[in-house]
Amino acid sequence: MPNDPYQFFRVEARELVEQLVQCALDLEKGDRAALAMLLRHAHTLKGAARVVKQTAIADAAHAVEEVLQPFREGTDAVPVRAVESVLGYVDAIRAALDVLPGPDGAAPPAAENDTEAPPAAAAGAAPRSVRTDISELDVVIEGLGETHSRLGALERDLGAVGRVSDLADDIVAQLATVLGPDAVEGLSARTAERARRTAVDLRRLIGDLARNADSGVARVDRELREMRDAVERIRLVPARVLFTDLERAARDVARALGKRVEFVGEGGDVRLDAHILETAQRALHQSVRNAVAHGIETESDRTRAGKPAAGTVTVSIELRDARIVFACRDDGRGVDLEAVRAKARAKGLSEAEADRLGRDDLVRLLLAGGISTSAAVTEVSGRGIGLDVVSEAATRLGGDVRVDTEAGRGTTIELDVPHAVAAFEALEVDAGQRRMLLPLDAVASTRRVDPREIHVGADGDVVTIDGAVVPFVPLAAVLDGSTIDLTAGVPCTLVMVAAGERVVAVGVDRLLGTSGVVARPLPELVRNTPLVSGTAFDAEGNPRLVLAPDALVAEAVSGTRRARAAEPRAIDPILVVDDSLTTRMLEQSILESAGYLVEVATSAEEGLDVARRVPHSLFLVDVEMPGMDGFTFVAQTRADAALRATPAILVSSRNAPEDLERGFGAGASAYITKGEFDQGVLLERVRELTVR
């Protein structure tokens, strides 16, 4: 028997509870199809609870069936009182699940205190935890990454098998000569034939080994990538898990205050780290309660204001560049700023000081907590505990809070935080022989246009799309300032990128298709790149930079980029020498995004071989590598008459004065420490050293 007897029941039951709540909310809206689903989920939960001898949960699930059974055959709407009863039983089931013993009978961790948690029937149940233990998944992910790196080393080792195969060919050829007319004297025919057959068998076996090894390594490589992507996705939680509890909170607060509210959830398909969702959930829960309690008017007030009788509260989760924006919007009365000013006076602020408070000052007072615009303390408002919960969440996640309110129109509260890992659909594009990823939800459309449709406007290049003039910019121009020739008559591929209300046309060379990606923030060495929000691996395991739609749109509308043809820059490729796959590929991406041709080598020995075969404009070399280190590589290139004129940059985590002295003493033109690695500094050094 497992240490946790409720291991599988706990997972199944929580999923069923969420489905019961959602179906109950849908049933209250008049969706009778939800009734059958409610009965089915309740019956399933009842059976599962009885299997693990959780009688209280089974009885509550049975009670749900009893409440709904009379309405099963009818066509009339299910009364609100019946839905209330169902939700009450579901809350009891959830409470019972929360106190189930854990592994080895351990008591569950105590829940955090909700400083303003009202009775469930009055103001919405406290937010459900989305906490999940992802430490084991992180270990798997790290292990897969390490295995994948070692597989890359194995692929390099397979090159030795090819060289052995060449040696076997040489043996066969030499034996053919020896056993021919000029055969060695005294070598018997039998011995000679045996030697020949042995050499032929050796060549065949080596050939089979090389083919099988290549095929096997390729297959394992592909499967490891697929497994890593799958595990990455498993550790992420879809944002939609928040919506059911938030809708329940809006519904219960509205009923407690005699209001009508419709809840809308947007962006539920975005998958995020559980700890981010859990922290944001409490802030959103409080924001929804505030929106209904303070923002949404009564039906009579809304009717007099010319608004729909039911107010709307919308919660959206959106990826904006390298950040996640959680927003709660309502179409209510807006924040009563004068009431906030009056509360500030009541708390001791002088009349003159209170009168000087502007809109932003008053909002900051609300965010600090301790001020409520409610005239009386009720179960749902009046304690002065509201937006300070949002501020606390922002502080914990290293983010910001923005509040936008307009009298009579409503209020928007945004929690803007950096994301650690996110999964989404992306469009892969090719621009100037560089492959980049664009979040698909920022792509309005794609199309092909005649380059003659692109014109020079007052503020930059523009293109007319469906009768509207849209700013145009080639992606290559945004990335490195290069230009494209619009006079060649070749159709231009456009990606219509949207950010907020603005749309721009981004020119690319090719569309390479869409796929789901798992994106991570950029490492520190490429941190100062506003146009890039993160990085993800493509199907072949190559890192691809994820473009930031907001920054891309801002760059396009700035009017500073032109698409006209320019003289191409002729420059020899840069040779990157590093044994780390991640560092090697990221440096390659940085340089290629800036318009440079790049070759790579995985060791100093291989780098010397490549450097002697093809001219290069620069060597970018890691210091610490197996075998020959970077210092020796630079020293040997300085001693080579054909290579000594090629500048070299050493990159290392070693930053002691003696290391820098040794690097420059070996002949390096620059020395960059990884702890202070900055993309701008690197590109500036490269430009300085490659200018002819």
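On a 1 Å grid over the protein atoms alone, a cavity is a set of points where a 1.4 Å probe fits but cannot get out, and its lining residues have an atom within 4 Å of a point. This is a predicted model, in which local features need pLDDT of at least 70 and side-chain atom pairs count only at pLDDT 80 or more, while totals for chains, interfaces and linings use all residues. Residues are numbered from 1 along each chain as its sequence is written, and side-chain values use heavy atoms, with hydrogens and water left out.

**Cavities**

The count comes to two cavities of 30 Å³ or more, where grid points are joined across faces, edges and corners and a volume is the space filled by probe spheres set on the points. The second largest cavity holds about 30 Å³ of space. Its lining consists of A283, L284, S287, F326, C328, V390, I413, E414 and L415. At least two lining residues come from each of α9 (274-295), β5 (323-330) and β7 (410-418); helices (H or I, at least four residues) and strands (E, at least two) are DSSP runs, numbered from the N terminus. The lining divides into seven nonpolar residues, one polar and one charged. In this classification Ala, Val, Leu, Ile, Met, Phe, Trp, Tyr, Cys and Pro are nonpolar, Asp, Glu, Lys and Arg are charged, and the others, Gly among them, are polar.

**Overall composition and cores**

The chain has 21 helices and 23 strands. Of its 692 residues, 47% are buried, meaning under 20% relative accessible area, with exposed over 50% and partly exposed in between (1.4 Å probe, protein chains only). Among contacts (heavy atoms within 4.5 Å) with a separation of 6 or more, 69% join residues 24 or more positions apart.

A nonpolar core is a set of buried Ala, Val, Leu, Ile, Met, Phe, Trp, Tyr and Cys residues joined through side-chain atoms within 4.5 Å. The largest such core has 54 residues, of which L272, V315 and F326 touch the most other members. Helix α9 gives the largest share of this core, ten residues. Apart from it lies another core, of 38 residues, including Y6, V21, L35 and A49.

Beyond neighbours within four places in sequence, V315 contacts F243, L246, F263, V264, G265, E266, L284, V288, A327 and C328.

**Individual residues**

| Residue | Relative accessible area | Class |
|---|---|---|
| C23 | 11% | buried |
| C492 | 9% | buried |
| L511 | 37% | partly exposed |
| K53 | 70% | exposed |

A search of the whole structure finds zero disulfides, a disulfide being a pair of cysteine sulfur atoms within 2.5 Å.

K53 is in the loop between α2 (33-51) and α3 (55-68). Its phi is near 60 degrees, a positive value in a residue other than glycine. Most residues other than glycine have a negative phi.

In helix α14 (residues 387-397), the buried residues include L387, V389, V390, S391, A393, A394 and L397.

L511 belongs to strand β16 (residues 510-519). With residues up to four places away in sequence set aside, L511 touches L427, E428, V429, T446, T493 and V495. L511 and A431 are 80 residues apart in sequence and 9.2 Å apart in space, C-alpha to C-alpha.

How values were computed: On a 1 Å grid over the protein atoms alone, a cavity is a set of points where a 1.4 Å probe fits but cannot get out, and a pocket is an open set with protein on both sides within 12 Å along at least five of seven lines; lining residues have an atom within 4 Å of a point.
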